[in-house]
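Please look over the sequence and the structure shown here before reading on.

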Amino acid sequence: MIAPPESIRSILATDCGSTTTKAILIEKGPEGYRLVVRGEAPTTVEAPFEDVTRGVLNAVREVEELAGRKILEGERIVSPQSGDQGVDLYVSTSSAGGGLQMMVSGLVLQMTGESAQRAALGAGAIVMDVIALNDGRRPHEKIRRLRQLRPDMILLSGGTDGGDVKRVAEMAEILVAADPKARLGSDYRLPVIYAGNRDAAPLVRECLDSRTALTVVPNLRPSLEREELKPARDAIHELFMEHVMAHAPGYKKLMTWSPVPIMPTPGAVGIIIEKVARRDGIAVVGVDIGGATTDVFSVFQGVFNRTVSANLGMSYSVSNVMAEAGIENILRWVPFPVDEVELRNRVKNKMIRPTTIPQTLEDLVIEQAIAREALRLAFQQHRSLAVGLRGVQSERTISDIMTQTETGQSLVSLMDLGLLVGSGGVLSHAPRRVQAALMMIDAFLPEGLTHLAVDSIFMAPQLGVLSSVHEEAATQVFERDCLVRLGAVLAPVGPGKPGQPCLEVRLEAQGLPPLERSVRFGELVVLPLPEEGGAKLRATPDRGLDLGPGKGRALTAEVRGGVVGLIVDCRGRRPFALPTVSATRIDRLREWNRALGVYPRDV
Amino acid sequence: MAHAYTPGLRVTDSALIRRERRLPLKGTVLVARGEAVEADTVVARTELPGNVHTVNIASRLSVDPAQVPGTLRRPVGSKVEKGEVIASAKSLFGLVTNTAQTPVEGTIESVSHVTGQLILREPPIPVEVGAYVRGVVAEVLPEEGVVVETQAAFVQGIFGVGGETFGEVAIAAESPDQPLLPELLSPTHRGKVVVGGAYTSHAALQRARELGVAAVVVGGFDDQDLRQLLGRDLGVAITGSEELGFTLVLTEGFGHICMADRTWRLLGAHRGELASVSGATQIRAGVMRPEILIPRGVPARAAAEESHATGLEVGSLLRVIREPHFGRIGHVAELPPELRPLESEAKVRVLVVEFADDHTRAVVPRANVELIAE
C-alpha cells in the first residue's frame, strides 16, 4: 500500500538498465524534495547471478554508504521509514535483458500499422517489426519473420470499428500458422493484445484464445479520424509486469518490494516529459542517446510520441551510425583533415571495445561528430513517425483552396519547440556544457527561440515512475537536481549570404548590464545569461528572416538562464548548409568553436 | 563500479573449456556422458518445422470462404505432393470445375471458413549439431544437446566473422609484425587454420578462399576491407553466421596491429595440431568473442571452467585499447586513486603504464586498457 503523498519523507528509486542498475535516494527537506545521493552497481539479470535483485541490493548498499544511513535490513528494503532507517516509498523501472521487445501488426502499414507502432513505442517497447497486409511481403514471408523473431509480446490491430472483419481474421490466422514463441522461455504462452475492429474480436478469440495469452482491449483506431492508444498502452504495461517481468530472473521478488508496478524505462521517461510539457504549456523534445539505442520523446500540440532508434548509439551501435549516416556526414563536423581508412578503423575499434573513452581532444571531437549524426538520424526517424493521422477525410473551406495540405504531416514543428532536453553519456558527461549544447543544436537545428537542458545523471526514468504516484516530489527533483539548464538558442529561419546583417539582439538580465549586439549571417555567438532566473530578450531579424512572429518581425520573450548562455545561431535554417570546400568548412568550424569556447584549443 | 577496465581476452596454454552444444528445438541426443568426441562428431539431431505457405482457396475456386472446408479433396492433416489438386468446386451451373493445386509438397495444417485460406506446411528440415571441439561429453542436456569438455590451449580474439570450423594450425608469417600477404599462402594451406602476423588484406583473404583455407588468424584488418569482404557495412557486432567460405579472427583490432607476442608464441607452439575456431562475436549483454581452441587431450577431471577474473594491480600486464597509444603493451606502474583530467578535459580514473618495448611511461584512462589474462 502506498502512504499518502504528504506523509512521504524519503523515496528510493532504482532503474535496472541492461548493464547498470542505478539507485537514487530522495529526501524531503525544508525546501521540498531533493536528491541526496546516487549509487550504482552492475545489473545481475544474466549468468552467473540471474537475479536482478542482487544488482539492486548492491546499488542500494552504495546509496547507504554514501548517505550514511541504513535502508536495508538483510536483503529487505525497510519501509516505511522508522527514525533514520528505511524509506517511505520504493519504486523501480527496468530495461534489463534488452527491455520490452514487441512485434505489432495492422492492416494498412501507414494507418493501423503506424498507430499500433505508436502505441507500443509510447509504452516503452522496442518494435522489432511491423507486419501489415500491404507490407510488401507474401504470407509465408510474414510467417517466417514472425517465427524468427521471439518477441515478448504482440500487438494485433487492424480495421476501424464496424469495418471489414475478414482481413483482420487473415492476420490472426497468419499469427496462428507462425506459432511464435516468447523470448523468455518456452514454458509460457506468448502474450497477445488485440486492439482492432471490435466486430472481429470474436473471430480473433476463436483463433488465438487457446494458443496465446490473449487480451482484448478497445480498438486503437476506432475510426479513421480517431486514435485511442491509451487502452493498448495500459494493457502493454500490465502484461509487461504479469508475463515478461514475472519470467525475468529475480523480478518476481523485486515486484514484491515495491507497491508501484515496475515500468519499462523509456515508458517512465515519456511520462515525465509529458508532465513537463503539460505543466509549462510548451512543446518539448527529449533525447536519450545510449550505447546501443537512441530514444526520442516529443510533445507537440499536446500529443506525446516516442521513438526508439534501435541501432543508433555511441558504442555498441557506433558503427551503424557511420553506416547509416555515411562517412562524409560525420566528417563534415570535424575541423581537421581525417583519413577515411583511419576513421573507419577507429569507429570499429570503439564498437568492439565499447567501454573505452576519448583521451585526446581529437578523439573527443570525432566522437562528438558521430553523436551529432546519431542524434540527427534518430530525430529524422522520430519526425517521420510523430505525424498526424493518415487517411483522415478533412473538410476544406474556400480559404484552404490556395494551400496544399495532406494528412499525416509531422507534428514536429521546430519553430514551436520550447525545450530540448538531452541525456546519455555523450551529452550529460561532455567535458564542457557548451559542447552538449552545440551537439544538440547541430543535430536538431532548432528554429526561433528554444531552451536547452541536459539530464545531469539520467534520473528521468526513476522520476517518471515516481511521478505516477508522487508528482510533486518527481517534478521538484526533476527541476532542481536532474535538469541542468544550459540556456537557449536563437536561430532565424531563412536564407542569407555570409557577412550580411542578420539579427539585432537586446538582452536585459537582472544583475547584468543591458547588452545589444548585431549578429551577421554565418556567425555563431554566445551572449551571457544568469545561471538562475532569466532575461528579457528582444530580437529583430533582417527582412526575409523569421524568428517565429513572421519575416522581419521582432521577437520579444523571456529567456530562462543557464550555464552556457544564449547562443545566437545565424548560420541559417532551411537551408542550413556547411561549406562544401573542405578548407573553408574547416575554417568556419574552427571560427564557431572559438566563438563559443567549445574546446580548450584549436583542433 | 566494480570494474573500470575491460577484462582481458584470454590467451593461455591450458584451460579447461566447456562448450554447450544445443539444438534450436528439442530433438535427440546421439552421444552419452563420458563419451569421447571429435570436432566433427554429430552429437544431436532434430527436425525444424517446415516453412508455411498459404493458399487462398476461396479466390482460386471463386466460392464463399464459408464453403471452402467442403471443397477440400483431402482432410486437414493429410500429406500432399506439389501440384496435387487439394480442392475443387463447380461453377457456371455446374458446367465448369475450378481446382486449386498445392504450390509445394507438405501437410495441410488448417483451413479457415472466415478467410478461405488453407495453410500448408512443407516437410521438416533436418538439423544436426556437431561437437565442434575434440573432448568428452561432460553433460547431457536431455533432448536438447550436450556439454563438451576439453583441456585446450585457448586464444580469445577480439573480433571475428564466419562460423565454426576446424583444421591444423599452420604459421604463414615469419613474425608477429609481418603482414599476411597473398603470396604467403599456398595450396598446402587448404583446410588449415592459417596464422598471419600484424595484418591481412582483402586480396589475401580472397586467395585464402580460393585455396580453401579453413580459418585465418591475424592481428588486425582494415574496416574498409571488411566492408568489401561482407559486401556491406557491418553496423552492429553480431557475427558468426556469415558464409564466407572461411573464418576470420582478429586478435587485436582494426588497423595494422602486431599480433601480441604471447598469442603468436602460443599459436606457433601448436603448429600442426588440430584447432577448432569460431568467428562468432557478439558485443552486447552476454559478450561473445571469437576463439581458437587447440585440444591437448582428454581432461582428467570434470571441473567447472577455470575462473580467470583478476583485478587491476601494479605490475599487471595490459594492452592499451584506444588512441593515442592504441595497441601498445606494458605493465601497470601506478594506480593513482584520484580522478585526473585528460587532454579531452574529462576527469576520470587513470593509471600509469610502463610500455614493454621502450620502458617509457604514459597516463591512460583505466577504461582504455585491457588486461592480458593468463
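Predicted model: local features only at pLDDT ≥ 70, side-chain atom pairs only at ≥ 80, totals over all residues.

## Chain B as a whole

Chain B contains 5 helices and 27 strands. Along its principal axes the C-alpha trace of chain B spans about 100 × 50 × 45 Å, and the radius of gyration of this chain is 28 Å, whereas a compact globule of 374 residues would have a value near 21 Å.

## Burial and contacts in chain B

Among the 374 residues of chain B, 43% count as buried. When the contacts in chain B with a separation of 6 or more are considered, 64% of them are accounted for by residues 24 or more positions apart.

## A sheet in chain A

In chain A, 4 strands form an open sheet in the order E20-E19-E22-E23, and their pairing is antiparallel. Strand E20 (515-520) and strand E23 (555-560) of chain A stand at the edges of this sheet, and because each has a single partner strand, one side of each is left without a neighbour in the sheet. Direction ignored, neighbouring strands of the sheet are turned by 25 degrees against each other on average.

Strands of a sheet pair through backbone hydrogen bonds, in either a parallel or an antiparallel way. Within the sheet of chain A, strand E19 (residues 501-509) pairs with strand E22 (residues 534-541) in the antiparallel sense over 7 bridges. As one position to look for in the model, A:Leu503 stands opposite A:Pro541 in E22(A).

Note on methods. Residues numbered from 1 in each chain as written. Chains lettered and ligands numbered in written order. Helix = DSSP H or I, 4+ residues; strand = E, 2+ residues; numbered from the N terminus. Rg over C-alpha atoms; globule rule 2.2 N^0.38 Å. Buried ≥ 20, exposed ≤ 12 C-beta atoms within 10 Å, placed from the backbone. Contact = placed C-beta atoms within 7 Å. Pairing = 2+ DSSP bridges. Axes fitted to C-alpha atoms, helices over the stretch in contact; angles between N-to-C directions.
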